[in-house]
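Here is a short walk through a protein chain, written for someone who would like to know it residue by residue. Have a look at the model first, and then we can go through it together.

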Amino acid sequence: GRMGEKALGRLEELMRDVCAEVGALRQRIERLEAGDRPCSREEVVGFLDQYRAGEALGAELFGSWAAATRDDSLRGSLRVLQLREAGHSRLLEERLKELGGSPQFRYPEGTLSQDVYGSCEKSDAEKLRAFLALVSPERVLAELDKTVARLCSDPETQALVCAIARDERATLELLQQECESRSA
């Protein structure tokens with residue numbers, strides 16, 4: 001009768017809701033578990049491409065900043081950082097190509113606003129604070145360490161990224177020291 005159809009309709013609606021919720025939960029669990037499973041080849045290639053682009057961006061940024069600063073000591077440091085980032089970018093691109101990938105990832109224009117770091121209006125102290133706020137050292141290094149662990153399926157890439165991560169740690173420490181010496 002009529003009552004049965006209505007109840008059935010409600011039951012079907014309820015089932016749909018439950019299925020949707022179970023699906024959403026399963027996705028969340030998969031995402032959580034993905035946090036420490038080994039990277040697939042596609043993920044390794046995607047990571048290398050994005051990391052390569054980021055390092056190229058860093059090299060550009062430190063280059064503009066070195067050209068703009070009036071602080072000779074900071075310029076010396078920035079030039080080392082520029083070279084370091086450019087070298088990382090080249091290594092990551094080589095590894096990407098060895099794995100059959102090609103450099104495709106591009107950060108949108110103005111991601112690290114070159115104009116800010118290349119400007120002579122902003123002080124070095126302001127630039128240091130802005131950079132460290134944007135590239136939070138603890139977060140960046142923790143993310144990198146997590147990724148290094150997941151690269152176990154590709155020992156060569158893992159060793160490469162692990163060594164680069166050590167450089168990144170040194171870079172961020174140097175910038176933190178420069179920042180602290182200016183706010184002292």
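Is L78 buried or exposed? L78 is buried, because its relative accessible area is 0%, and buried means under 20%. Please keep in mind throughout that this is a predicted model.

**Around L78**

L78 belongs to helix 3. Beyond its neighbours within four places in sequence, L78 touches F62, W65, A66 and T69. G63 is 15 residues away from L78 in sequence, yet the two C-alpha atoms are 7.1 Å apart in space.

**The chain as a whole**

The chain has seven helices and zero strands. Read from the N terminus, its elements follow the order α-α-α-α-α-α-α. Along the principal axes, the C-alpha atoms fill a box of roughly 90 × 40 × 30 Å. The radius of gyration is 23 Å, whereas a compact globule of 184 residues would have one near 16 Å.

Of the 184 residues, 34% count as buried. The chain exposes about 11500 Å², and carbon and sulfur atoms supply 54% of that area. Among contacts with a separation of 6 or more, 80% come from residues 24 or more positions apart.

**A cluster of rings**

Let us turn to the aromatic side chains. The model has six aromatic pairs. One of them is formed by F62 and F131, which are tilted, with 5.6 Å from centre to centre and 55° between the planes. This pair links distant parts of the chain, as F62 lies in helix 2 (residues 41-68) and F131 in helix 5 (residues 124-134), 69 residues apart. F62 and F131 are both buried.

F131 also pairs with Y117, this time edge-to-face, at 6.2 Å centre to centre and 90° between the planes. Here too distant parts of the chain are linked: Y117 sits in helix 4 (residues 114-117) and F131 in helix 5, 14 residues apart. Y117 is buried, with a relative accessible area of 3%. F131 counts as buried because its relative accessibility is 7%, and the cut-off is 20%. Ring pairs join F62, W65, Y117 and F131 into a cluster. Two of these residues, F62 and W65, are also among the contacts of L78.

D49 is found in helix 2. Why does D49 count as buried? D49 counts as buried because its relative accessibility is 8%, and buried means under 20%. Setting aside neighbours within four places in sequence, D49 is in contact with L96, S102, P103, Q104 and F105.

F47 is in helix 2 as well. Its contacts, again leaving out neighbours within four places, are L144, T147, L151 and V161. F47 and T147 are 100 residues apart in sequence, while their C-alpha atoms are 8.9 Å apart in space.

**Helix 7**

Helix 7 (residues 155-183) has 29 residues and reaches 42 Å from its first C-alpha to its last, close to the 42 Å expected at 1.5 Å a residue. Which residues of helix 7 are buried? They are T157, L160, V161, I164, A165, E168, T171, L172, L175, E178 and C179. An α-helix has 3.6 residues a turn, so residues three or four places apart point the same way. The buried residues of helix 7 pack against helix 2, helix 3 (72-98), helix 5 and helix 6 (137-150). V161, one of the buried residues of helix 7, is among the contacts of F47.

**Cysteines**

How many disulfides does the structure hold? It holds zero. Two cysteines are set side by side here.

How values were computed. Residues are numbered from 1 along each chain as its sequence is written. This is a predicted model: local features need pLDDT of at least 70, side-chain atom pairs count only at pLDDT 80 or more; totals for chains, interfaces and linings use all residues. Side-chain values use heavy atoms; hydrogens and water are left out. Rings of Phe, Tyr and Trp (its six-membered ring) pair if their centres lie within 6.5 Å; planes under 30 degrees apart count as stacked, over 60 as edge-to-face and the rest as tilted. Helices (H or I, at least four residues) and strands (E, at least two) are DSSP runs, numbered from the N terminus. Buried means under 20% relative accessible area, exposed over 50%, partly exposed in between (1.4 Å probe, protein chains only). Contact means heavy atoms within 4.5 Å. The expected span of a helix is 1.5 Å times one less than its number of residues. A disulfide is a pair of cysteine sulfur atoms within 2.5 Å. The radius of gyration is taken over C-alpha atoms; the globule rule is 2.2 Å times the number of residues to the power 0.38. Accessible areas come from the Shrake-Rupley method with a 1.4 Å probe; for residues, only the protein chains shown count as cover.
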